[in-house]
Amino acid sequence: MKPPILLPFIALLILSACAEQANPELNIYSSRKEALIKPVLDQFTAATGIEVNLVTGKDDALIERLRAEGAASPADVLITVDAGRLYRAKAQGLTQAINSTVVTQAIPATYRDPDNHWFGLSLRARPIMYAKDRVDPSTLTDYASITAQQWQGKVCIRSSSNIYNQSLVASMIASEGVEAVETWAAGVVNNFARQPVGGDRDQIKAVAAGQCDLAVANTYYLFGMLQSDDAAEVAAAEQVAVFWPNQADRGTHVNVSGIAVTKAAKNRDHAQQLLEFLVQAEAQSWYANANGEYPVTADIEAHPLLAAWGDFKKDALNLSRLGELNPEAVKIMDRAGWP
Ligand code: FE
């Protein structure tokens with residue numbers, strides 16, 4: 001009786017193996033805009049023959065979609081920004097481990113999940129930015145500098161609902177403890193130039209416009225303004241400089257854009273091939289430059305515009321801690337009255 005029962009099963013196996021060989025593919029959900037990822041995916045296709053289907057969307061919406069689709073999700077890979085968010089995707093059971101020595105040797109341990117569920121692809125820093133004509137940078141030292149009396153009514157920073165601020169505060173909790181960060185958050189709120197409004201780019205523009213003297217923003221926004229086709233944006237960006245906080249101790253807070261292979265992935269091997277492709281020097285260099293970010297792998301030069309802001313000490317905290325401490329960070333900003 002055995003052969004007749006097994007035969008259709010074997011036939012099915014052969015069929016699906018043929019189907020895979022005939023049309024290897026990889027399905028990606030990405031919060032990166034198509035123009036900022038598609039060219040490197042095209043290179044991947046050219047190198048491997050694996051067709052990539054790209055779906056772009058907002059970060060949290062893509063994670064929600066993955067969750068709603070469950071095991072039936074067509075997505076093999078999630079590309080999104082902020083370790084806090086990648087941590088959330090893992091915590092919700094939406095990702096799986098990829099154990100590749102190519103990847104783990106290329107990406108420093110700090111910038112990937114300890115269980116290899118997600119990996120940083122590019123690096124961004126969240127420094128203090130200041131008005132060149134009104135701020136003497138020698139008066140600044142660390143993130144606590146923005147709470148000094150002299151900057152009362154002079155600080156612009158976006159809402160606490162934004163994950164970039166949540167991750168910054170989480171990094172501070174890791175190094176200074178809840179009590180110190182509680183005091184810091186109250187000091188920031190006390191120095192608000194205005195109620196938080198807009199994104200990081202808006203905070204930089206507000207510094208240029210004289211609405212505030214100091215802001216906290218991600219580096220690629222200033223890069224983007226400096227590279228803008230809009231002369232007014234370039235002019236605004238040129239009035240603003242970067243100050244790297246905490247150089248004498250833990251270093252400036254950094255975060256990543258990153259990638260995870262989904263739990264539901266049907267093309268897991270292709271996904272691993274993409275990961276291994278993206279940590280190669282050429283792909284790293286292109287991807288970082290396209291997004292105004294720093295490469296995540298060692299020994300690759302940053303874009304000259306970024307390099308011009310100087311080398312800086314980066315916080316060496318494992319970025320998965322940002323996810324672990326996220327709820328505490330949200331509570332602290334809430335208690336401080338940070339909208
Ligand atoms: Fe952003």
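Author: Start with a cut-off: a residue is called buried when its relative accessible area is under 20%, and exposed when that area is over 50%. The model shown here is predicted.

Reader: How many of the five residues of strand β3 are buried?

Author: Strand β3 covers residues 77-81. Val 77, Ile 79 and Val 81 point one way from the strand, and Leu 78 and Thr 80 point the other way. In a regular strand the side chains alternate between the two faces of the sheet. Both sets are buried here, so β3 is largely enclosed by the rest of the structure, and the count of buried residues is five of five.

Reader: Which residue of β10 is the bridge partner of Val 81?

Author: β3 pairs with two strands that can be taken in turn. With strand β1 (residues 25-30) the pairing is parallel, over three bridges, and Tyr 29 stands opposite Leu 78. With strand β10 (residues 254-262) the pairing is antiparallel, over five bridges. In β10, the partner of Val 81 is Ser 257.

Reader: Is Asp 82 buried or exposed?

Author: Asp 82 lies in the loop between β3 and α4 (83-91). Its phi is near 85 degrees, a positive value in a residue other than glycine. Its relative accessibility is 1%, and because the cut-off is under 20%, Asp 82 counts as buried.

Reader: Asp 299 also has a positive phi. Is Asp 299 buried or exposed?

Author: Phi of Asp 299 is near 70 degrees, and the residue sits in the loop between β11 (294-295) and α13 (304-307). Its relative accessible area is 83%, and the cut-off to pass is over 50%, so Asp 299 is exposed.

Reader: Which residues are the protein donors of the iron ion?

Author: The donors follow the spacing Y-x55-Y-Y along the chain. Tyr 164 is in helix α6 (residues 163-176) and Tyr 220 is in helix α9 (residues 219-226), 56 residues apart, and the pair links distant parts of the chain. Tyr 164 is buried at 9% relative accessibility, and Tyr 220 is buried at 11%. Each donor atom is an OH lying 2.0 to 2.1 Å from the iron ion, and the donors are Tyr 164, Tyr 220 and Tyr 221.

Reader: Which exposed residues does the face of α2 turned away from its buried side carry?

Author: The buried residues of helix α2 (residues 38-48) are Val 40, Leu 41, Phe 44 and Thr 45. They cover an arc of only 150 degrees around the axis, so they are on the same side of α2. That side packs against β1, β2 (51-56), α11 (268-278) and α12 (281-291). The face turned away carries the exposed residues Ala 46 and Ala 47.

Notes: Residues are numbered from 1 along each chain as its sequence is written. This is a predicted model: local features need pLDDT of at least 70, side-chain atom pairs count only at pLDDT 80 or more; totals for chains, interfaces and linings use all residues. Side-chain values use heavy atoms; hydrogens and water are left out. Buried means under 20% relative accessible area, exposed over 50%, partly exposed in between (1.4 Å probe, protein chains only). Helices (H or I, at least four residues) and strands (E, at least two) are DSSP runs, numbered from the N terminus. Two strands pair if DSSP finds at least two bridges between them. Donors are N, O and S atoms within 2.8 Å of the metal (3.2 Å for Na, K and Ca); water is not among the atoms, so sites may look incomplete. The arc is that of the directions from the helix axis to the C-beta atoms. Contact means heavy atoms within 4.5 Å.
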